[in-house]
Amino acid sequence: MAVQWGNSLYSSCIRHMRRFDCGVFPSACTVESRIMSVERKSTFRTIAVKGRRMDQAERQLQSQRIYFGFTLVFCCGLLVSNVLALKVFTIGPFTMPCSIVLYPVVYIINDVVSDVFGFHKMRRTILVAFTASALATMFYTIAIYLPGHSTESGVAFASVFMPSWRILVGSFASYLAGSILNSYVMVRLKKRFESNLFFRCVFSTAVGEAVDAIVFLTVAYAGTVDTSVLLTMIGSQWLFKVLYETIAYPATRQIILKTRATCA
């Protein structure tokens, strides 16, 4: 009888223990498994966060590389344009400096950097290019005054790399005014006409190039040529550059879209 009562008590205790394990209060094994599950989720979350941060850092690095690449091309284009501007050519009734062949490329880069990276980044690029141009002019001047191998070569070198002070001042002033205004107009129009990229590119170039042509040609050639010739030079240079921007718009649009996608 006692043995039977003991077995019954043992069975009752086992049932209560199982009910305790599977009821409201989980067993130690269940708690441990839940803790491990939470730790695994936390680890996965940490890995995902680190992955996103690494991806963002990689995108920022790639964006900086693209920006520096545009800045490099912009500086090279400006330096070459300053040399080409010393020669003037005539096509029919149009008289223009040779820099017009390359200078629109500088304005296309201006549009791309202004649209993708903003006005402040483009202004920094403009100032960097201006500094490079000023340094190049300073070293050109030093090279001119160094004794040369022959007088003829020295004179030829000076005729190419030593423009008059009017051309120098006009080039620097027109570059700063036209480039900064082009970038500013491009960014300001984006707030109201973000979807109309064609209008923003062409209109900003028209405004910037108008200021550039008026300032440069007036400072450089006013008083040395007839007023009619000067006005023809201003009008033909402005018209050519705006047409250049209009024709090159498909390429400008593709560069802007691809740069946006890469730097997003």
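## Surface patch and side-chain contacts

On the surface, F94, W238, L239, L243 and I247 form a nonpolar patch, and together these residues have about 480 Å² of accessible area. The model is a predicted one. The greatest contribution to the nonpolar patch comes from helix 8 (residues 227-247), which gives four residues. L239 lies in helix 8, and because its relative accessibility is 38%, L239 counts as partly exposed.

**Helices and hairpin**

Helix 7 (residues 197-221) has 25 residues and reaches 35 Å from its first C-alpha to its last, which is close to the 36 Å expected at 1.5 Å a residue. Helix 7 is followed by G223, whose phi is positive, near 95 degrees.

Q60 has its place in helix 2 (residues 28-84), and with a relative accessibility of 54%, which is over the 50% cut-off, Q60 counts as exposed. Although Q60 and T262 are 202 residues apart along the chain, their C-alpha atoms are separated by 9.8 Å.

Strand 1 (residues 88-91) pairs with strand 2 (residues 94-97) in the antiparallel sense, over four bridges. V88 has P97 in strand 2 as its bridge partner. In the hairpin of strand 1 and strand 2 there are two residues between the strands, and G92 takes a positive phi near 65 degrees.

**Aromatic pairs**

A search of the whole structure finds 10 aromatic pairs. In one of them, the rings of F74 and Y175 have their centres 6.2 Å apart and their planes at 45 degrees, so the pair is tilted. This pair links distant parts of the chain, since F74 is in helix 2 and Y175 is in helix 6 (residues 165-190), 101 residues apart. Both F74 and Y175 are buried.

The rings of F199 and F203, by contrast, have their centres 5.4 Å apart and their planes at 20 degrees, so this pair is stacked. F199 and F203 are separated by about one helical turn, because they are four residues apart in helix 7. F199 counts as partly exposed at 31% relative accessibility, and F203 is also partly exposed, with a relative accessible area of 39%. Elsewhere, Y67, F68 and F117 are linked into a cluster by ring pairs.

**Salt bridges**

The count comes to four salt bridges, among them the three in this table.

| Salt bridge | N to O distance |
|---|---|
| D115 and R260 | 2.8 Å |
| K241 and E209 | 3.2 Å |
| K241 and D212 | 3.5 Å |

The side chains of D115 and R260 meet in a salt bridge that links distant parts of the chain, with D115 in helix 3 (residues 103-117) and R260 in helix 9 (residues 249-263), 145 residues apart. D115 counts as buried at 3% relative accessibility, whereas R260 counts as partly exposed at 29%.

K241 forms a salt bridge with E209, and this pair joins helix 8, which holds K241, to helix 7, which holds E209, across 32 residues of the chain. K241 is buried, with a relative accessible area of 2%, and E209 is buried as well, with a relative accessible area of 1%.

K241 also meets D212 in a salt bridge, and here too distant parts of the chain are linked, as K241 is in helix 8 and D212 is in helix 7, 29 residues apart. D212 is buried, with a relative accessible area of 3%. Salt bridges that share partners join D115, R200 and R260 into one network.

Conventions
Residues numbered from 1 in each chain as written. Predicted model: local features only at pLDDT ≥ 70, side-chain atom pairs only at ≥ 80, totals over all residues. Heavy atoms only, no water. Patch = residues over 30% accessible without salt bridge, like charges linked within 9 Å, V, L, I, M, F, W, Y side chains within 5 Å. Areas by Shrake-Rupley, 256 points an atom, 1.4 Å probe, with all protein chains shown as cover. Buried < 20%, exposed > 50% of the residue type's maximum accessible area, 1.4 Å probe, protein only. Expected span 1.5 Å × (residues − 1). Pairing = 2+ DSSP bridges. Phe/Tyr/Trp six-rings, centres within 6.5 Å; stacked < 30°, edge-to-face > 60°.
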